[in-house]
Amino acid sequence: MSVSRNEPGRWAAISPFFVSPRARRSGPMTCEDAALDEDECYLSTRRLRLRPATLGDAPAIARHANDRQIAEMTSRIPHPYTLGHAEAFLTGVEDELILAVTRRSDNVFVGLASLQALEADDAVELGYWIGRPFWSQGYATEAAQAVIDHAFSRLAMELVEVRCRVINGASRRVIQKCGFGYCGTGLSLSLAAGRVASETYRMDRRCWQSLKDWSRTG
């Protein structure tokens, strides 16, 4: 799980659910806001489908997020985590793309992925978490790569940033597999764990394009 400021292999050329900084607003995003086609309002990978999260996802979010180990690796998830927390989160989204990560084979909810606008108009922060029953299956990396592709290819971002706790080796491996470059260590505030040490990683458009070119020729 990644540590977001406010709340995460091969590359597939696919397009998640995000609020572009150029069209900031509060509340649920439409497919147009997220730069998704109306008739295909989702992102697909080999095993996953990422779609705009809705209030209907709140029970699954509450069930999986109510896990201390998940909460302590994020910024915005308190512990215990209730249905009310999930509903408030989904209805209070601002300047952020929130995607429900589901399995294509059976539509089971496995976690969330997000992009949040940073101060610069062309920069966003990536966040994600995966429910405990679905750990160690590569879902976080697969979802993160899809969201990164969408940020650069459809949202025309120039920079994607991501953070993780220093002790979160699993999230660090996801970040490194995606091709992010290490920028430094600092402090983040976690609702469940307090003030914690975190690492910041960044990827710019040139790096992303190089990774895409390499994947086509590798």
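## Strand pairing, cores and aromatic pairs in a predicted model

Strand 7 (residues 181-190) and strand 8 run antiparallel and are joined by 9 bridges, where two strands pair if DSSP finds at least two bridges between them. A hairpin through 3 residues connects strand 7 to strand 8, and Gly186 has Ser198 in strand 8 as its bridge partner. This is a predicted model, in which local features need pLDDT of at least 70 and side-chain atom pairs count only at pLDDT 80 or more, while totals for chains, interfaces and linings use all residues. Residues are numbered from 1 along each chain as its sequence is written, and side-chain values use heavy atoms, with hydrogens and water left out.

The protein chain has 6 helices and 8 strands; these are DSSP runs numbered from the N terminus, with helices (H or I) of at least four residues and strands (E) of at least two. From the N terminus on, the order of the elements is β-β-α-α-α-β-β-β-α-β-α-β-β-α. Of the 218 residues in the protein chain, 55% are buried, where buried means under 20% relative accessible area, exposed means over 50%, and partly exposed lies in between (1.4 Å probe, protein chains only).

A nonpolar core is here a set of buried Ala, Val, Leu, Ile, Met, Phe, Trp, Tyr and Cys residues joined through side-chain atoms within 4.5 Å. The largest nonpolar core holds 35 residues, of which Leu50, Leu115, Leu126, Tyr128, Ile148 and Phe180 touch the most other members. Among the elements that give two or more residues to this core are strand 2 (48-52), strand 5 (123-130), helix 4 (139-153) and strand 8 (194-204). Helix 4 supplies the largest share of this core, 9 residues. A second, separate core of 20 residues includes Phe89, Leu90, Val93 and Phe109.

Aromatic rings of Phe, Tyr and Trp (its six-membered ring) pair if their centres lie within 6.5 Å, and planes under 30 degrees apart count as stacked, over 60 as edge-to-face and the rest as tilted.

| Pair | Centre to centre | Angle between planes | Arrangement |
|---|---|---|---|
| Phe109 and Trp129 | 6.2 Å | 65° | edge-to-face |
| Phe152 and Trp208 | 5.2 Å | 20° | stacked |

Because Phe109 lies in strand 4 and Trp129 in strand 5, their pair ties together parts that are 20 residues apart in sequence, and both Phe109 and Trp129 are buried. The pair of Phe152 in helix 4 and Trp208 in helix 6 (residues 205-217) links distant parts of the chain, 56 residues apart. Phe152 counts as buried at 1% relative accessibility, and Trp208 is buried too, with a relative accessible area of 7%.

Arg49 lies over the face of Tyr42, at 4.1 Å from the ring centre; a charge sits over a ring if NZ of Lys or CZ of Arg is within 6 Å of the ring centre and within 35 degrees of the ring normal. Ser75, in the loop between helix 2 (68-71) and helix 3 (83-91), counts as buried at 4% relative accessibility, and its side chain reaches the backbone oxygen of Leu189 at 3.5 Å.

For the cysteines, a search of the whole structure finds 0 disulfides, a disulfide being a pair of cysteine sulfur atoms within 2.5 Å. Cys164 is buried with a relative accessible area of 0%, and Cys178 counts as buried at 1% relative accessibility.

Definitions and conventions
Polar contact = N/O pair within 3.5 Å; in protein donor to acceptor, adjacent residues only side chain to side chain.
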